[in-house]
Amino acid sequence: MTGILLLEQALNGLQFGLMLFLLAAGLTLVFGIMDMINLAHGSLYMVGAYLIASIAAASGSFWVGLGGGVLATAAIGVLLELTVLRRLYQRDHLSQVLGTFAILLMANEAVRMVWGSQPVPMAMPAALAGPVQLLPGFSYPAYRLFIIGVGLAVALLLYLLVTHTRVGMQVRAGASNREMAQAMGTNVRLLFTALFAIGAALCAVAGGMLGPLLAVQVGMGESILILAFVVIVIGGIGSIRGALLGALLVGLVDTAGRTLVPVLFGQLLGPAAAATAGPAVASILIYVLMAGVLFWKPRGLFPAH
Amino acid sequence: MSPLSSIRLVALAAAALTALPAAAADKVKVGLLSTLSGAGSGLGIDIRDGFQLAVKHAGGKLGGLPAEVIVADDQMSPDAAKQTADRLLKRDKVDFMTGIVFSNIMLAVAPPVFQSRTFYISANAGPSQLAGAQCNPYFFSASYQNDNMHEAVGKTVQARGVKKIALLAPNYPAGKDALAGFKRFYKGEIALETYTPLNQLDYGAELSQIRASGADAVFIFLPGGLGINFIKQFTSTGLNKEMKLFAPGFSADEDVIRAVGEPMLGILNSSQWAHDMDNAANKRFVADFQKEYGRLPTLYAAQGYDAARLIDGAVKTVGGKIEDKAALRKALEAAKFESVRGEFKFNTNHFPVQDYYLREVVKDAQGRVTNKTVGKVFDNHADAYAAECKMPAETP
C-alpha cells in the first residue's frame with residue numbers, strides 16, 4: 001500500500017513539477033539573457049488559461065481551445081515585448097520590477113473587465129476524465145498522465161531546440177555572455193522577441209493544461225509565478241537544465257511535504273500538532289529547500305554564467 | 001417667482017416632508033460585505049442575491065423603511081475585508097452589516113463592527129469563538145453554528161455503520177470547527193485527518209493519502225470552488241467507485257452540482273434548509289429566486305434571504321426606531337419573521353436552535369441533478385458552545 005502511495009505521490013510531484021518547468025523555462029531564459037526580471041510572466045499564464053477556456057467553450061472542443069489559445073498568447077507575448085518590455089532591458093532591476101508589476105496589475109484588471117471576477121469553469125476532455133489502471137490495484141487519473149506526457153514532450157522539444165539547433169546555440173551564447181554573442185553577429189533583439197513568443201506559448205500551455213484541474217481565475221498567475229522564481233533560483237539563472245531539475249525538485253518536495261510532514265509531526269508531537277503545525281510547515285518546505293540550496297550553491301545548481 | 005427659487009421651494013418642502021416622521025430613521029442602510037471574487041465567489045453571490053430578493057419582496061424596504069444595500073467584495077482576504085468594513089462603518093455609517101462567507105474573515109471584521117455598536121446579522125459564517133466565550137450582543141446568526149452541519153453528517157455516517165473514515169477540511173477556523181463537529185457524533189476509526197490551505201485547489205496529494213489510508217468513506221468540508229475541484233478530481237482518480245463520499249450541505253449544494261453534474265449523484269449531505277421544504281415562505285422564495293436569477297438557490301441564498309427577513313421583522317417591531325439599540329436587540333432576539341426553513345428561534349448566544357435535515361443528490365422528475373430531502377437528523381438542535389456564552393443583559 002505504501003509503495004503505491006509513494007508511486008502516486010511521485011507522479012503527482014512529476015505532474016506539478018513539469019507544469020512549473022513550462023513557466024520557469026521562459027522566465028529563466030529572459031532573465032539569463034537580457035538580465036530582465038519579468039513579473040508579468042504569470043499574467044501570460046493567466047491570459048493563456050482564459051483564452052483557452054473561452055475558445056474551448058466557444059468551439060466545444062478542448063483541443064481547438066488549446067491550439068488557438070496558445071497561438072493567441074504567443075502573439076500577445078510578442079506584442080508586449082515589442083511595445084513595452086523592450087524599453088525596459090537597459091534599465092535597472094528596480095525599474096523592471098516596477099514596470100512589469102504595473103503590467104501584472106493592468107492584466108488582472110483587464111481580465112476582470114472582460115471575463116468578470118468569478119472563476120471561469122473549464123472541463124477536461126471527456127476521453128481523459130476517468131482513471132487509467134497502471135498496475136493491478138492502482139489507477140491514476142488519465143488527465144494527470146496526459147499532463148505529464150505533454151510536459152515531458154515539451155521539455156524534450158525545448159532541450160533539442162536549445163542543444164541541437166543554431167538558434168539554441170545563440171540562446172546559450174547569449175545566456176553566458178550577451179556582449180560577446182552580439183559581437184559574433186547574433187541578432188539578440190530578434191532572438192529575444194522569438195524567445196518571448198516561445199515563453200508566452202509555454203505559459204499558455206501550462207495555464208490551459210492546469211485550467212480544468214484548478215480554476216481559471218483572476219490572480220492565478222501570482223502564486224505560481226513565485227514558485228517559478230523559486231525554481232529558477234534553485235536551478236541557476238539562465239539554465240534550461242537547471243529549470244527542469246529545479247521544477248521537478250520543487251514539485252516533488254511540495255507533494256511529498258504535504259503527505260509526510262503531517263505524518264511526521266503526528267508521530268513526533270501528537271495529532272494536535274499534526275493538525276495545526278503540519279500544514280503550515282509543509283507549505284514553507286520549498287522555501288526551506290531554496291534556502292538550503294542557496295546556502296551550499298549560492299548561484300543555483302546549474303549556473304549559466 | 002423665478003424658476004430657481006421655485007425649485008428651492010419644492011426642495012425645501014420635500015425636505016420638510018421627509019423629515020416629518022422624525023422619530024424614526026428615514027432609511028435602513030445595510031453593508032453587505034461578501035466574497036464576490038475568486039474560488040469562494042459563488043457563495044457570496046448567492047448570499048447577495050438572496051438578500052436582495054428579500055428586499056425586493058418587501059418592496060425595496062426593510063421593516064417599512066426604504067432600504068439601501070451597499071454591496072462590497074472582501075476578495076476572500078481578511079485584510080481587504082477589514083479595510084472595506086471600516087469604510088462601511090465610518091464613511092457610509094451603515095445600520096447593519098451582513099454577508100461574510102468565511103469564518104477567518106468574520107473573526108477579523110468582528111471587533112470593529114462590535115466597537116461601533118453595529119448589529120451584524122450573519123448570513124453564513126458561524127465560528128465557534130463567537131458562539132462561546134466571545135459571544136456578543138451585536139452578533140446574530142441567521143444561518144447556523146459552524147459545527148452543526150458537520151455534527152449532522154457525523155451522526156449519519158455513524159448510523160450507517162461506516163467503520164473507518166478519512167477527513168479533509170481547509171486549515172482555517174471553520175475547517176477546525178467542521179472536523180470537531182463531525183467527531184462529536186462519529187465514534188468509528190479516523191483513518192486520516194488532513195487540513196489543506198484555504199487557497200489550495202489541487203487535491204492530488206490528499207487523494208493519494210485517502211486511497212492509502214484504507215478508509216471506507218470520505219468526509220469533506222470544502223466550500224464552493226474547493227469542493228467543485230475536489231469532487232471532480234475524486235471522480236477522475238476512480239476513488240468514487242471504491243468509497244462513499246459524505247459532505248455537509250456546503251460541499252454538495254446547487255453551485256457544486258451545477259459545476260460537477262452527474263458524478264454527484266448519491267452524495268448524502270446535511271443542511272438546515274432545502275429547496276423542497278414545504279412551507280409558504282420557502283415556496284415563494286424558491287420560485288421567485290429561479291425566476292429572478294435562472295438557477296436553483298443554494299443554502300447560502302436561503303441564509304441571505306433570511307438575514308434580510310430577520311432585519312425586516314426587527315425594524316418593523318421597533319417601528320423604524322433603529323437608533324434605539326436596546327429595543328432593536330430585543331426585537332432581533334425575538335426574531336419575528338417567517339423563515340424559509342419554517343420555524344426560527346435564537347438560543348441565548350444568538351445562534352439558531354433548529355432542525356437539521358439529510359439531503360441526497362438525485363435526478364428529479366424533470367431530469368435535473370439536484371438535492372432532495374430524505375430525512376431529519378436533529379430536532380431543535382443547539383450548538384455545543386452556548387453554555388460558555390455569558391451574554392450581557394444590557395446592550396452596551
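**Notebook: where chains A and B meet**

I began with charges across the interface of this predicted model, and I counted three salt bridges between chain B and chain A. One of them joins B:E206 to A:R258, with 3.2 Å between the closest N and O atoms.

Next I looked at polar contacts. Between chain B and chain A there are 16 residue pairs of this kind, counting pairs with both residues at pLDDT 80 or more. I then asked which elements of chain B give two or more residues to the side touching chain A. They are α2 (41–57), α8 (204–213) and α9 (225–236). The most comes from α8(B), which gives seven residues. Sorted by class, I found 14 polar, eight nonpolar and five charged residues on that side of chain B.

Then I turned to the extent of the contact. Chain A brings 28 residues to it and chain B brings 27. Together the two chains bury about 2,400 Å², and carbon and sulfur atoms account for 52% of that. Three residues, B:D202, B:R211 and B:S236, supply 23% of the area chain B buries against chain A, more than any other three.

My last stop was the nonpolar cores. The largest has 132 residues, and B:F96, B:M97, B:F230 and B:F285 touch the most other members. Helix α12 (residues 299–317) of chain B gives this core its largest share, eleven residues. I followed B:F285 and, leaving out residues up to four places away in sequence, found that it touches B:L53, B:W273, B:P297, B:A301, B:A302, B:Y305 and B:V340. Another core lies apart from the largest one; it has 86 residues, including A:L51, A:I52, A:M220 and A:A228.

Notes
Residues are numbered from 1 along each chain as its sequence is written. Chains are lettered from A and ligands numbered from 1 in the order in which they are written. This is a predicted model: local features need pLDDT of at least 70, side-chain atom pairs count only at pLDDT 80 or more; totals for chains, interfaces and linings use all residues. Side-chain values use heavy atoms; hydrogens and water are left out. Contact means heavy atoms within 4.5 Å. Buried area is the accessible area (1.4 Å probe) that two parts lose on being put together, summed over both. A salt bridge is a side-chain nitrogen of Lys or Arg within 4 Å of a carboxyl oxygen of Asp or Glu. A polar contact is a pair of N or O atoms within 3.5 Å; within protein, one must be able to donate a hydrogen and the other to accept it, and residues adjacent in sequence count only if both atoms are side-chain atoms. Helices (H or I, at least four residues) and strands (E, at least two) are DSSP runs, numbered from the N terminus. Ala, Val, Leu, Ile, Met, Phe, Trp, Tyr, Cys and Pro count as nonpolar, Asp, Glu, Lys and Arg as charged, and the others, Gly among them, as polar. A nonpolar core is a set of buried Ala, Val, Leu, Ile, Met, Phe, Trp, Tyr and Cys residues joined through side-chain atoms within 4.5 Å. Buried means under 20% relative accessible area, exposed over 50%, partly exposed in between (1.4 Å probe, protein chains only).
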